[in-house]
Amino acid sequence: QKIAFDPSGEQFVTIGKEETSRLIFWDAASGEPLRELERGSEIEDIVYAADGSNLLLASKTGTLTMLDAGTGEIVYEVQADVGSGAGALRFIKVSPDGTQVLGSFSDSGLVIWDLASGEMLQYFRNQGGVLALAYLAQEEAVLIGGQGLKTIDPQTGEVLRTNNSQGEAIFDLTATSDGRYAVGTAL
């Protein structure tokens, strides 16, 4: 189950149960459902664009979909050309400047798309895939988790730092808005 708040904080969207295949939009103040869309099947992650006008969906099939948040109409659907065996598109994040979308593939690596067009800008292979990601805004870098942690430059793919001190895989990451601190979940 995933949840994403729109930037205004007035509503949020959830992925319904697999058998219902729906995105459900909720009023944050009342907790009442506002509407439903038939787009929830195979969805791994959801996130709003910075201005709240669009909603991005990551799927188990590796597809990134942008929907108009008001109408539910598809703006674009793109599949990253990263070869077979990439795995699920597990997590997506919008860059702090609102111009790019980062996506982590469970079995292959990290993809960066142009938010407006859906054009794939970069692909960085990572041994064992990318199971979690977070922006480090202060450094203009990305923290990726899997079998260890790596801090990378999203423009070049250069590994800035590596930390393999924990013995378990990192499956979830979040960072403070200034990028100074990050917390992860290991399994």
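**Note on pockets, aromatic pairs and core**

1. The largest pocket has a lining of 17 residues, and A4, F5, I46, V47 and Y48 are the ones nearest its centre. A pocket here is an open set of points on a 1 Å grid over the protein atoms alone, where a 1.4 Å probe fits, with protein on both sides within 12 Å along at least five of seven lines; lining residues have an atom within 4 Å of a point. The space in this pocket is about 330 Å³, a volume being the space filled by probe spheres set on the points, with grid points joined across faces, edges and corners.

2. The model is predicted: local features need pLDDT of at least 70, side-chain atom pairs count only at pLDDT 80 or more, and totals for chains, interfaces and linings use all residues. Residues are numbered from 1 along each chain as its sequence is written, and side-chain values use heavy atoms, with hydrogens and water left out.

3. At least two lining residues of the largest pocket come from each of β1 (3–5), β5 (43–48) and β9 (89–94). Strands are DSSP runs (E, at least two residues), numbered from the N terminus. By class, this lining has 12 nonpolar, no polar and 5 charged residues. Nonpolar covers Ala, Val, Leu, Ile, Met, Phe, Trp, Tyr, Cys and Pro; charged covers Asp, Glu, Lys and Arg; the others, Gly among them, are polar.

4. The second largest pocket has a volume of about 260 Å³. Its lining includes K93, V94, S95 and P96, as well as A134, Y135 and T174. Two or more residues of this lining come from each of β9, β13 (132–136) and β17 (170–175). The lining of the second largest pocket divides into 6 nonpolar, 4 polar and 1 charged residues.

5. There are 2 aromatic pairs. Rings of Phe, Tyr and Trp (its six-membered ring) pair if their centres lie within 6.5 Å; planes under 30 degrees apart count as stacked, over 60 as edge-to-face and the rest as tilted. F5 and F12 make a tilted pair, at 5.2 Å centre to centre and 45° between the planes. The pair of F12 and W26 is stacked because the ring centres are 6.2 Å apart and the planes lie at 10°. F12 in strand β2 (residues 11–15) and W26 in strand β3 (residues 23–27) are 14 residues apart, and their pair links distant parts of the chain. One aromatic cluster is formed by F5, F12 and W26.

6. Burial around F12 is as follows. F12 is buried, at a relative accessible area of 15%, whereas W26 is partly exposed at 21%. The cut-offs are under 20% relative accessible area for buried and over 50% for exposed, with partly exposed in between (1.4 Å probe, protein chains only). I24, in strand β3, is buried at 14%; its C-alpha lies 8.3 Å from that of F12, 12 residues away in sequence. L34, in strand β4 (residues 33–37), is partly exposed at 47%, and its C-alpha is 9.7 Å from that of F12.

7. The largest nonpolar core holds 18 residues, and L56, L64, I92 and W113 have the most contacts inside it. Such a core is a set of buried Ala, Val, Leu, Ile, Met, Phe, Trp, Tyr and Cys residues joined through side-chain atoms within 4.5 Å. Among the elements that give two or more residues to this core are β6 (54–59), β7 (63–68) and β8 (74–79). β9 gives the most, with 3 residues.

Key:
Helix = DSSP H or I, 4+ residues; strand = E, 2+ residues; numbered from the N terminus.
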